[in-house]
Amino acid sequence: MTSQLEQEIFNELAASVELGRPRDTEKILGRGIEEGVSVKDLIRNGLMPGMRKVGADFKDDEADIPKLLCAARAMQKGIDVLQPYLKEGEDAHIGKAIIGTVEGDLHEVGKNLVVIMFRSVGFDVVDLGVDVSDRQFVKAVQENPDVRIVCVSSLLTTTMAAVKEVVRKIRIADKENRIRIMVGGGSVTDAFAREAGADAYTENAVDAAELARAIIFGTEEEAAKKMEKVMLNKKIRAGESE
């Protein structure tokens, strides 16, 4: 059961991330460690709720990119501070994800937001950058045998064929079928994602991170339900804009 002191620390920690104040985050974590609060609880009940709040605000157009970036810096500072306190063999991350924009596409803003949101919900992210070939994606998969999620971004319609090729090559390399492939970007739709053989499509970074988290922690059925909710919310937003 959470004590009043622990709850105060969690609330202050979440606020420091939400406000994008990494120095405050570091100080509050120091206090939490001194009081004997579990490192994982500090992450799960303090850091992550703060970052998720900013992500939700961004999704609802109540926060801008600079605020999201500031919160991400505070979140990353927190992870860096706590990592040395984890027991041997433990990790502050819930899983590993590979993220990149396909070959021929140099757009990085959307991809960078996905990286930020994945890190905010606890992923260790391998950021491949932009103009990434199918060979580079496959090499990254082979070099990271613990990866569970690969995110493929494409903004240009001229690179949609490249998305399909990346998915195809990863499927060939992933002989154990351990990887779930997510696609997104301005040129991508849910129908195209299914045609390309991807496991999921989301239209924004917040949904992508939450869906990936559901894939890691839940069953395939739970992840499917999350995907259904994402698509329902998309239809609702589309209806509101008409």
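A pocket, as the word is used here, is an open set of grid points with protein on both sides within 12 Å along at least five of seven lines, and its lining residues are those with an atom within 4 Å of a point. With that in hand, let's walk through this predicted model, starting at the pocket.

The largest pocket holds about 430 Å³ of space. It's lined by 25 residues, and G110, V114, G184, G185 and E203 sit closest to its centre. Helix 5 is the top contributor to this lining, giving five residues. At least two residues each also come from strand 1 (95-102), strand 3 (147-153), strand 4 (180-184) and helix 9 (205-217). Sort the lining by class and you get 13 nonpolar, nine polar and three charged residues.

Now for the rings. Pairs of aromatic rings are described by the distance of the centres and the angle of the planes. This structure has one aromatic pair. It's made by F118 and F123, a tilted arrangement with 5.1 Å from centre to centre and 45 degrees between the planes. Both F118 and F123 are buried.

Next, helix 4, which covers residues 65-82. Buried along helix 4 are L68, A71, A72, A74, M75, G78, I79, V81 and L82. The cover over those buried residues includes helix 1 (4-18), helix 2 (22-34) and helix 3 (39-59), along with helix 5.

Methods: Residues numbered from 1 in each chain as written. Predicted model: local features only at pLDDT ≥ 70, side-chain atom pairs only at ≥ 80, totals over all residues. Heavy atoms only, no water. 1 Å grid on protein atoms, 1.4 Å probe; cavity = no way out; pocket = protein on both sides within 12 Å on 5 of 7 lines; lining within 4 Å. Points joined across faces, edges and corners; volume = space filled by probe spheres on them. Helix = DSSP H or I, 4+ residues; strand = E, 2+ residues; numbered from the N terminus. Nonpolar A, V, L, I, M, F, W, Y, C, P; charged D, E, K, R; others polar. Phe/Tyr/Trp six-rings, centres within 6.5 Å; stacked < 30°, edge-to-face > 60°. Buried < 20%, exposed > 50% of the residue type's maximum accessible area, 1.4 Å probe, protein only. Expected span 1.5 Å × (residues − 1). Contact = heavy atoms within 4.5 Å.
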